Amino acid sequence: MANIKSAQKRILVIAKKTAQNRMIKSQLKTAIRRFEEALAAENYEEAKTRLRLVEKKLHQAAAKGTIHKAKASRKVSRLAQKLNKAI
C-alpha cells in the first residue's frame with residue numbers, strides 16, 4: 001500500500017478507470033456477440049442494425065482510449081466483411 005497521499009489517490013483513480021474500461025469492453029463483447037447471433041440466425045436486417053450499433057460502440061471506446069483506434073476500425077471492417085459475405 002502506498003504511503004504518500006497523492007499515490008493513494010492515484011490508486012483510487014486507477015481502480016475507477018479500470019472498472020470503467022472493463023465495463024466498456026464487456027459491452028463491446030456483448031454487442032459483437034449479438035451481431036454474430038443475428039448473422040447466424042440469418043436475420044440480415046437485424047444484423048445490419050446490430051452492426052451499426054457495434055460500429056458506434058467501437059468508435060466511442062476508441063475515442064475514450066479504452067481500445068486503440070486502429071483496432072476499432074479493424075473490427076468494424078471484419079464484421080462488415082462477415083455480413084457482406086453472408087448476404
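## H1 against H2

In this predicted model, helix H1 (residues 5-40) packs on helix H2 (residues 44-64) at an angle of about 160 degrees, and their axes lie 8 Å apart. Angles over 145 degrees count as roughly antiparallel, so H1 is roughly antiparallel to H2. The crossing of H1 past H2 is left-handed.

From H1, the contact draws on Ile24, Gln27, Leu28, Ala31, Ile32, Arg34, Phe35, Ala38 and Leu39. H2 answers with Tyr44, Glu46, Ala47, Arg50, Leu51, Val54, Lys57, Leu58 and Ala61. Sorted by class, the residues of this contact comprise 13 nonpolar, one polar and four charged.

## H1 against H3

H1 also meets helix H3 (69-86). The axes of H1 and H3 come within 11 Å and cross at roughly 10 degrees. Since angles under 35 degrees count as roughly parallel, H1 is roughly parallel to H3.

On the H1 side, this contact is made by Ile32, Phe35, Glu36 and Leu39. Their partners on H3 are Lys75, Leu79, Lys82, Leu83 and Ala86. By class, the contact of H1 with H3 has six nonpolar residues, three charged and no polar ones.

## The helix H1 itself

A quick check on geometry: with 36 residues at 1.5 Å a residue, H1 should span 52 Å, and its end C-alpha atoms are 53 Å apart, so the two values agree. After H1 comes glutamate 42, which has a positive phi, near 60 degrees.

Which residues of H1 are buried? They are Ile24, Leu28, Ala31, Ile32, Phe35, Ala38 and Leu39. These buried residues pack against H2 and H3.

## A closer look at leucine 39

Leucine 39 belongs to helix H1, and you will find this residue in the contact with H2 as well as in the contact with H3. Is leucine 39 buried or exposed? Its relative accessible area is 12%, and the cut-off for buried is under 20%, so leucine 39 is buried.

If you set aside neighbours within four places in sequence, leucine 39 is in contact with Tyr44, Ala47, Lys82, Leu83 and Ala86.

Notes. Residues numbered from 1 in each chain as written. Predicted model: local features only at pLDDT ≥ 70, side-chain atom pairs only at ≥ 80, totals over all residues. Heavy atoms only, no water. Axes fitted to C-alpha atoms, helices over the stretch in contact; angles between N-to-C directions. Helix = DSSP H or I, 4+ residues; strand = E, 2+ residues; numbered from the N terminus. Parallel < 35°, antiparallel > 145°, perpendicular 65-115°, else oblique. Left-handed = near helix turned anticlockwise from the far one by under 90°. Contact = heavy atoms within 4.5 Å. Nonpolar A, V, L, I, M, F, W, Y, C, P; charged D, E, K, R; others polar. Buried < 20%, exposed > 50% of the residue type's maximum accessible area, 1.4 Å probe, protein only. Expected span 1.5 Å × (residues − 1).
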